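Subject: A structure for you to look at

Dear colleague,

I am passing on a structure that I would like you to open beside this email.

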Amino acid sequence: MNSFLAEAGIRMLRPSVVSDYVYRNQTRKFHQDIELMRHIAEQVIERRKASSSSRKDLVNAMLYEKDPVTDKALPHSSVIDNMITFLIAGQYVSICHAPRLRKVGHETTSGLLSFIIYCLIQNPAAIEKARDEIKSVLGNGAMTQNMASKLPYMMGIIRETLRLYPTAPGFTVQPRSTNPEDYPVHIGKEQYVVRQGEAISVQIATVHRDPTVYGDDAESFRPERMLDEEFKKLPKNSWKPFGNGARACIGRAFALQEAVITMALLVQNFDFELADPNYELNIRKTITIKPVGLQIRIKLRDGLTPATLQRRLLGGKALPSGSALTSPRGPKRSDSPMDSVDLRKLLICYGSNTGTCQTLAHVLSRDAAAHGFDPTILTMDKVQPHHILPSTPVIIITASYEGQPPDNASKLFKWLQALTESPFKGIYHAVYGCGNRDWAATFQRIPTLVDDAFIRCGSTPIVQRATSDVADGNVANEFDHWADEILWPALKKLYFPGVSEQSFDVSRSGIKIFQSPRTSDILPDGGVATVDDVRRLTSLGEPEKRQITIRLPSAMAYRAGDHIAVLPTNHHDTVKQVMNRFGMAHDTKIVTASDEERSVYTHLRDFVELNQAATDKNIRTIIASVPNSNEDDSRSISKGLTALQILQNLPTATLPFTDYLDMLPPMRPRRYSISSSPLADPTTCTLTYSVLEDTLTNPDGTTTTFHGTGSTYLAGLCRNDRLHISVQPSPMAFHLPEDPSVPIVMVCAGSGLAPFLGFVHERAQLRSSGAKLAPALLFIGCRHPDRDMLYSSQLQDLASSAGVKLFYAFSRAKSQSNGCKYVQDRLEKEKELVMDAVGLRDNRGKMYVCGGLRVLEGVSSVMKKAYVKLEGAGSVGVDEWWEAFRADGERFASEVFD
Ligand SMILES: Cc1cc2nc3c(=O)[nH]c(=O)nc-3n(C[C@H](O)[C@H](O)[C@H](O)COP(=O)(O)O)c2cc1C
């Protein structure tokens, strides 16, 4: 894409014959580049078609939707062209997820963000003003979408940057007539003559610095001139960074909102400075412009750490305790049933090309029942005369496009315009218009004409026509306000004059759904994820290892090497055993210290740890409740049993249930290493884990089996089940080295393979995108190649595409792993390779260990021996060397569990 863009920029300046005949090589490469991008787009389409996904996204819209007017689908070649356009003009998201792919992004938004940061560093006063504004809106909290519209100064900064550095710095226009008699065309007060076939190249960067519009300081960065009021006063066409006319940038609103949100978060949380204080702005021009060689240093502000920053960024996502999920804006629950009032029909129709008005129509429809209405929602063109009845108020929500109706509103519009009589007598209607003041001459033209037509035909407006300017970025809030404060009250007054608001309930049954407070209390940064896939990885009879693939909540991002915290529940059987032991009926309830009423079953399943070993104090309390017991009896109780197990062994114990509850610690999340890479799919992650099971032999010879709460919970989940999770970033050291030329050695046993699987996936992705990576060695310990070799052949293939060499140690099939029983033995066997990669002396490579303590000890002993061999027998300081090596995050990282 980069070389294609560079050549495209140059070709614009050359006559095409010169390109074709003189610059043949460049032309051939140019067409090869286009072919490659088309080929990639084709593959994406093929994959999407094969997946038969019903996602409501752009690719599916292009593939399957039809034009409402012509009923034609987009031709295949147009789908491909649009995909390439989006690739070029697309988002910068890949940068956030994959710092190593930074060079891949050649897009307008990333260019814009770079220029904004450059301008801010040059103008400290502007950054301070922006920070004050952000503080007054966000405080120290997280950003939400609605806040973007409350940051006018930040918007001023973005507009001003786009003025000085329009990332798409020009466009070409051409007279459109096919009639030769219309030529030549004279423009600019007859000053310029344009002949047929001639084009005019509009140099936006020059237009944007016109002193007759922007004054003597047109060359200076001054966001104040771009604040809303000033901005609206600018002469037409003096600010056009998003192009012109019907084919103006489709991503305009998206790009602006994205830039405001991103910049607000960056300015709120970081200080910036130029890496090279003497840097002078150097702009690379192709079809787009970008600063070249601009490097900045950033520092977290206000004593933030990466962890506190992450918490802040995710903050506010979890619903506060007890907040209602259904119809949050509906009236309060009432005692009188909903059925006491008949629902009245309501017609909601919309005209929309890009979905804004459609969304607003659905918002209104969703809330209608709460206000006593039974809504029908239609596009304007689907409305038939018989839909418009005196008994049914009509709400119209529409946009305008170049002064014309949206595609799915043109028929109704035409019909309304042609109506001469007054067929709408007795009808009530209301119009909500979405428009953009940038189209000053035709701003709100269609909503206005539709409203006029209804009135002319005899309809009565329920409320005055309302308007929103999408350029302000506040449509959702304005619409909410209009619906809640103006439209619904007016409709109620008209149709239910005597009925109190209380009669309209949120749901017919009066049921409300609440987010459990446990998530916000125990897993404050958490969200609800969905199980995508589950599978067992080991044979029956072997210790169980499993894989679970989770679809992440939106906005939850991770890096390979990070962990997922899962909030489990106790197993149903254990909960029932507790309830049976205490003779509790299934519907028994408790009231918590915070006055919340909940069932005992829920409390035991969700809020407390049932599988924790009883403490000595717990054991003494239980023994004390046994009639005629004495302290010594506690010695007969095995250590490690849970309070429930002890109580089951002591049927005469009379421990009160409340005392039992006091023994139970609150439920805690469990952490699991992620075994996937977001580069493969940022929306899902995979966990590879062992299902924990342990057996304890009691003093009387009987045995008791324990099941790990977290892993048993995960193992019980099925596809489409929901679970509460949060991403827990690992320490910096436990990620792949930033520098791809650093060789790595990974050592693991059992499910310690998980994070390294993530690394292998990440390396495979990086390599497939052209990155050159240093070699990697992966040492894996397990029992037997036929029984618990996780992912076996699949991993071999993946490793080879990731440039990773695999070495196994099979503890129960040594002969199949070069005589090595444990993974450390295999490490020792391959020590020449390992030392070459880790480079003990030249500080080259990095080593990772993940597994039980014994694995770490084994690795430590191999490494120390290697060091002694290198330094000569009897070398002193080997322990000090090892400690220093272990502590150096650039050289070594470990995750040890037991
Ligand atoms: C090519 C184009 C032309 C537009 N023309 C007008 C216009 O003439 N008058 C106006 O008020 N808004 C105009 N707008 C703004 C849209 O009406 C506005 O973005 C609206 O919210 C789109 O609604 P929709 O997403 O439901 O289609 C135009 C937008 C585009 C992209």
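Which residues in α7 meet which residues in α9? In α7 they are L112, F115, I116 and C119, and in α9 they are I157, I158, T161 and L162, where two residues are in contact if their C-beta atoms, placed from the backbone, lie within 7 Å.

Before going further, please note that this is a predicted model, in which local features need pLDDT of at least 70 and side-chain atom pairs count only at pLDDT 80 or more, while totals for chains, interfaces and linings use all residues. Residues are numbered from 1 along each chain as its sequence is written.

**The chain as a whole**

There are 31 helices and 29 strands in the chain; these are DSSP runs, numbered from the N terminus, with helices being H or I runs of at least four residues and strands being E runs of at least two. Of the 898 residues, 31% count as buried, a term that applies if 20 or more other C-beta atoms lie within 10 Å of a residue's own, whereas a residue is exposed if there are 12 or fewer and partly exposed in between, with C-beta atoms placed from the backbone. Among the contacts in the chain with a separation of 6 or more, 76% come from residues 24 or more positions apart.

**The pair α7 and α9**

Two packed helices are described by the angle between their axes and the distance between the axes. The axes of α7 (residues 108-122) and α9 (residues 152-164) come within 9 Å and cross at roughly 105°, where axes are lines fitted to C-alpha atoms, for helices over the stretch in contact, and angles run from 0 to 180 degrees between N-to-C directions. The two helices are therefore roughly perpendicular to each other, since angles of 65 to 115 degrees count as roughly perpendicular, those under 35 as roughly parallel, those over 145 as roughly antiparallel and the rest as oblique. The residues of the contact of α7 with α9 divide into seven nonpolar, one polar and no charged; here Ala, Val, Leu, Ile, Met, Phe, Trp, Tyr, Cys and Pro count as nonpolar, Asp, Glu, Lys and Arg as charged, and the others, Gly among them, as polar.

**Helices with buried residues**

Helix α17 (residues 445-456) has twelve residues that should span 16 Å at 1.5 Å a residue, and its end C-alpha atoms are 16 Å apart, which agrees; the expected span is 1.5 Å times one less than the number of residues. In α17, the residues I446, P447, V450, D451, A453 and F454 are buried. They cover an arc of only 160° around the axis, which puts them on the same side of α17, the arc being that of the directions from the helix axis to the C-beta atoms. The buried residues of α17 pack against β9 (344-351), β11 (394-398), α16 (410-418), β12 (428-435) and β14 (466-469), and just after the helix G458 takes a positive phi of about 105°.

In helix α29 (residues 831-838), V834, A837 and V838 are buried. Seen down the axis of α29, its buried residues fall within an arc of 90°, so they line one face of the helix. They pack against β25 (744-749), β26 (776-782), α28 (823-829) and β28 (846-851).

Helix α26 (residues 753-768) is mostly covered, with 14 of its 16 residues buried, and it is followed by G770, whose phi is positive, near 100°.

**Backbone details**

Most residues other than glycine have a negative phi, and most peptide bonds are trans. N628, a residue other than glycine, has a positive phi near 60°; N628 is found in the loop between α22 (616-624) and α23 (643-649), and N628 is exposed, with 6 other C-beta atoms within 10 Å. Y791, also a residue other than glycine, has a positive phi near 65°; Y791 is partly exposed, with 18 other C-beta atoms within 10 Å.

With best wishes
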